[in-house]
Amino acid sequence: MELLQYDFMIRALVASLMVGLTAPMVGIYLVQRRLALIGDGIGHVALTGVALGFLTGTAPVGAALVCAVLGAGAIELIRARGRASADVALAVMFYGGIAGGVVLIGLSADRPANLTAYLFGAITTTSGEDLAVFAALSVAVLAVAVGLAPRLFAVSNDEEFARASGMNVMGLNLLLAALTAATVVISMRVVGLLLISALMILPNAVAQVVATSFRSSLLIAVAVGVGVGLGGTTASYYLNTPSGGTIVLLAIAVFLVATLTTAARRAVHSRRAHDLAEHTHEHGPGCGHPAIEHGDHVDYEHDGHRHAIHGAHYDDH
Amino acid sequence: MVELVHASIGYAERPVVHDVDLRVDRGEVVALVGPNGSGKTTVVRGILGLATVMSGQVRVFGTPLDHLRERWRIGYVPQRHTVVGAIPSTVAEVVASGRLPRKRWFSRMTAADRAAVGEAIELVGLTARQRVPVANLSGGQQRRVLIARALACGPEMLIMDEPTAGVDAENQARLVNTLENLVAQGLTLVVVTHEIAPMRSVLTRAVMMRDGRVEADLPAAAAFGAALTGGSDAHHAHSVPGWLGGLGSTG
């Protein structure tokens, strides 16, 4: 392949692979808790970090990581207090992140020409050094996200139950915030701070409409994340378009296709089958409906047709 | 197993229940009954550490809850109609999350864990549905998923908040049948409820609450007797809350 002749493209593909792997794995818990936009907020805060890095001459990636982790922790603490003002407090913080970033960059003597690289992503400018930092972060994020998956699932699924079970809910929430912050920093060169949470959310949005379990959702989301990450980066090379926008548009296209095909499939399916939930009882021996042996299973006669259980619904046989 | 001594419990500096004394012993099936706002849910939330104990003492298995390391000994079934997050999850996945109080951080599910999860699902009669997304189940079935989740860690005591509310008669009977099986296995139950009638067959005691205080603490037979005669006997009508009247006919 032509694009693999260039080192910068290889680095770009490796970076997008890391984002494609990590972002959906962290994002799934944000989607589960209906906090899809938190990642964007952390992205705004990270901009202040990038600017601080420029201003002080330190590595923007490191400064962004510190700011993002602190910001994410603060967001979680504000959220946990659950006051009515939490919403506004978060908004103030997000505006503050962008405004602080812009002002700090204005103050720095040598204005970085590549600020847009951080805002909108410029994957091809990823240096070997950046890549090493992203790789270390990715490994850490993956180790925690995979190792603590059952706990993160429990706390995202039912926080009150997790607390009643004696789990360290605050600790897990802060950990998820830190994971989100790390993912934001890994993603910022690839999709940019303004599109930061797209790769955390969109692959999971696809999984949400296609999958039937949390496990399959996670696998589908990661597959979509890696697919659109690599596909978008490749496409941006040939189309000569910005990588971040291309990746995100590709992810949206996948989401639309998944939604439309699922809706079409359901429409066809609903003529032949109906949901278990529509039944006042589960068909079984003694349910009152005539049972008819049918090959390897039993059908139940119901409203003039035969029902056979199939996963979450009955098929007509 | 549970002991409240002069306990005042509430949220954010505001007590909801005042000076409650309550003791639940092993093998008992206790209903906390009362109208909305009487504080019955707050009492169990205090026992579970979800509400703040402002004065007095709450002890679970002889120790203050903060010091109880074996939290798996208490199972909790929250008052909720659904267990559905934004991402689809199966019955087995949700029930497995109830096993975590027995697990260390970063440890994987073992064969024993999976067996316990399977057993809990079987106890509530959802084995055939364990790979089904919870969102596809009926309200009554989802309620049973929550019970299985609480059972997955093998608790000695189960605390349930309004398990029969909003469940149709058929599913209510099924639910009570599940509770009968659990009690037969030696589980202690504390049930918050509006109505004791559906649980007549399992109940050993009824604690009636009103305005954040315990109004009466009666053996089940007396509670049902009071409910039966509440409307006609002047003495009982005074000592037993009026809203209990008429329960006898439905129970």
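Modeller: Let us begin with burial: a residue is buried if 20 or more other C-beta atoms, placed from the backbone, lie within 10 Å of its own, exposed if 12 or fewer, and partly exposed in between. In chain B, 47% of the 251 residues are buried. This is a predicted model, in which local features need pLDDT of at least 70 and side-chain atom pairs count only at pLDDT 80 or more, while totals for chains, interfaces and linings use all residues. Residues are numbered from 1 along each chain as its sequence is written, and chains are lettered from A and ligands numbered from 1 in the order in which they are written.

Colleague: How many helices and strands does the secondary structure of chain B comprise?

Modeller: Helices (H or I, at least four residues) and strands (E, at least two) are DSSP runs, numbered from the N terminus. Chain B has 8 helices and 10 strands.

Colleague: Is H4(B) mostly covered or uncovered?

Modeller: Of the 13 residues in H4(B), 11 are buried, among them B:Val145, B:Leu146 and B:Ile147. The buried residues pack against several elements of chain B, including strand S6 (74-77), helix H3 (111-123) and helix H5 (169-184); contact here requires C-beta atoms, placed from the backbone, within 7 Å.

Colleague: Which residues have the most contacts inside the largest nonpolar core?

Modeller: A nonpolar core is a set of buried Ala, Val, Leu, Ile, Met, Phe, Trp, Tyr and Cys residues joined through C-beta atoms within 7 Å. The largest has 157 residues, and A:Ala46, A:Ala68, A:Val185 and B:Val95 have the most contacts inside it. Helix H1 (residues 7-32) of chain A gives the largest share of this core, 11 residues. Leaving aside neighbours within four places in sequence, A:Val185 has among its contacts A:Ala46, A:Val61 and A:Leu137.

Colleague: At roughly what angle do the axes of H1(A) and H10(A) cross?

Modeller: Axes are lines fitted to C-alpha atoms, for helices over the stretch in contact, and angles run from 0 to 180 degrees between N-to-C directions. The axes of H1(A) and helix H10 (residues 198-210) of chain A come within 7 Å and cross at roughly 70°. The two helices are therefore roughly perpendicular, a term for angles of 65 to 115 degrees. Residues of H1(A) that take part in the meeting include A:Val19 and A:Gly20, and those of H10(A) include A:Leu199 and A:Pro203.

Colleague: How many residues does each chain bring to the contact between A and B?

Modeller: Chain A brings 34 residues and chain B 25 residues. On the side of chain A that touches chain B, the largest share, 6 residues, comes from H7(A).

Methods
Two residues are in contact if their C-beta atoms, placed from the backbone, lie within 7 Å. Angles under 35 degrees count as roughly parallel, over 145 as roughly antiparallel, 65 to 115 as roughly perpendicular and the rest as oblique.
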